[in-house]
Amino acid sequence: MSNSIYPWQESSWQQLQLLRQRMPHAILFHGAAGIGKSDFIERFAQGLLCEAVLPTGHACGQCASCGWFTQHNHPDYRRVRPEALEDEPPADGEEGGDAEAKKTAKSTKAPSNEIKIEQIRNLADFMNISTHRQGLRVVVLYPAEALNMPASNALLKTLEEPPPGTVFLLASNSLDRLLPTILSRCRKFALPMPSHAEALAWLKAQGVADADSWLREQGGAPLAAMAQAETGNRDDMDALLQLLAHPSIEGALKTAEKLQKVPLSAQVSWMQRWLYDLFSYKLAGSVRYYPRYQRELASLADKIHISRLLAAIKSGNERRATADHPLSPKLFIEDMLLDYTACCA
């Protein structure tokens with residue numbers, strides 16, 4: 001992404017510039033997944049480090065600092081995120097050791113989805129040396145809910161006694177998964193979801209086919225919609241939705257077998273959106289996420305009792321909290337789908 005931000009972020013960007021005169025030591029950006037929070041805070045980080053920042057607050061893109069930033073080796077910038085999200089080379093000084101040895105080590109185990117305490121401890125040297133050109137040093141960290149407990153506690157100590165001239169920019173998809181003590185030490189900044197029309201116009205401008213369906217299925221999040229559209233594959237989602245549309249014990253077991261390697265968090269999200277549509281149709285006759293399945297949703301809504309539906313929604317929320325750490329993915333999916341089948345009986 002260039003220095004530009006997404007169209008739906010313009011007003012947030014202008015509001016953010018008001019903080020620059022009295023910059024907090026930590027800002028926590030929060031909002032729905034898939035709306036561009038990480039791009040937004042990295043653009044802001046580049047602007048904070050730029051040596052010829054524009055009146056709009058955007059980086060100039062021409063100075064030495066901007067050159068280092070775009071090459072991922074700015075000496076006063078660090079980005080902290082789970083290993084599973086690392087698809088770019090680390091900045092100079094972020095990691096030491098033999099690169100080939102690390103590559104071999106990583107290949108023997110799945111990349112972690114957590115931010116670990118070592119990653120927070122590795123910031124110590126960075127924060128204790130003087131900045132390269134007497135400016136700010138900036139740490140970007142996302143998603144903040146990926147911090148495991150030891151890492152959260154280590155970060156908290158740093159936020160309680162922030163080094164001078166250091167700004168932390170954090171992003172989170174769900175504030176309720178963060179320690180209250182971390183929340184209390186950050187200035188919170190909400191990034192809103194774009195309107196459906198605005199997100200749809202942007203997706204069409206990117207050449208996304210069937211943009212409206214992809215956008216609805218991703219809850220209105222345009223970047224999530226584009227990522228899904230680029231795969232061009234609804235097979236896994238539709239396998240689950242077909243079972244939800246026509247629930248049966250045999251179908252639940254077969255679907256669990258088929259989907260056991262699909263990320264559980266995605267499956268729980270699909271299920272939660274389906275239950276939302278079912279609830280919405282029963283109460284108001286409207287469908288938000290899956291208009292393709294409106295006929296099936298209408299049929300189920302006529303049969304299902306509201307108390308059972310509310311219980312299923314509650315169970316979905318509870319499963320969302322444990323989806324990242326199941327004892328057995330297949331058993332997790334079986335349990336979820338059999339509960340739903342019983343709910344519809």
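Which hand does the crossing of α12 and α14 have, left or right? The crossing is right-handed, meaning that the near helix is turned clockwise from the far one by less than a right angle.

1. **Basis.** This is a predicted model, in which local features need pLDDT of at least 70, side-chain atom pairs count only at pLDDT 80 or more, and totals for chains, interfaces and linings use all residues. Residues are numbered from 1 along each chain as its sequence is written, and side-chain values use heavy atoms, without hydrogens and water.

2. **α12 against α14.** Helix α12 spans residues 235-245 and helix α14 residues 264-284. Helices here are DSSP runs (H or I, at least four residues), as strands are (E, at least two), numbered from the N terminus. The two axes come within 10 Å and cross at roughly 40 degrees. Axes are lines fitted to C-alpha atoms, for helices over the stretch in contact, with angles from 0 to 180 degrees between N-to-C directions. The pair is therefore oblique (under 35 degrees is roughly parallel, over 145 roughly antiparallel, 65 to 115 roughly perpendicular, the rest oblique).

3. **Residues at that contact.** From α12 come D236, M237, L240, L241, L244 and A245; from α14, Q267, W270, M271 and W274. Contact means heavy atoms within 4.5 Å. By class, eight of these residues are nonpolar, one is polar and one is charged.

4. **α14 against α15.** Helix α15 covers residues 294-303 and packs on α14 at about 65 degrees, with the axes 9 Å apart. The two are therefore roughly perpendicular. This crossing is right-handed. W274, D277, L278, Y281 and K282 of α14 meet Q294, L297, A298, L300 and A301 of α15. The contact has seven nonpolar, one polar and two charged residues.

5. **Largest nonpolar core.** It has 39 residues, and F29 and L169 touch the most other members. Such a core is a set of buried Ala, Val, Leu, Ile, Met, Phe, Trp, Tyr and Cys residues joined through side-chain atoms within 4.5 Å. Elements giving two or more residues include β1 (26-30), α2 (37-49) and β4 (166-172). The most come from α2, with six.

6. Beyond four places in sequence, F29 touches residues including L16, F40, F44, L169 and L191. Apart from this core lies another, of 36 residues, among them L241, L275, Y289 and C344.

7. **S152.** This residue sits in helix α7 (residues 149-160). S152 counts as buried because its relative accessibility is 7% (buried is under 20%, exposed over 50%, partly exposed in between, with a 1.4 Å probe and protein chains only).

Key. Ala, Val, Leu, Ile, Met, Phe, Trp, Tyr, Cys and Pro count as nonpolar, Asp, Glu, Lys and Arg as charged, and the others, Gly among them, as polar.
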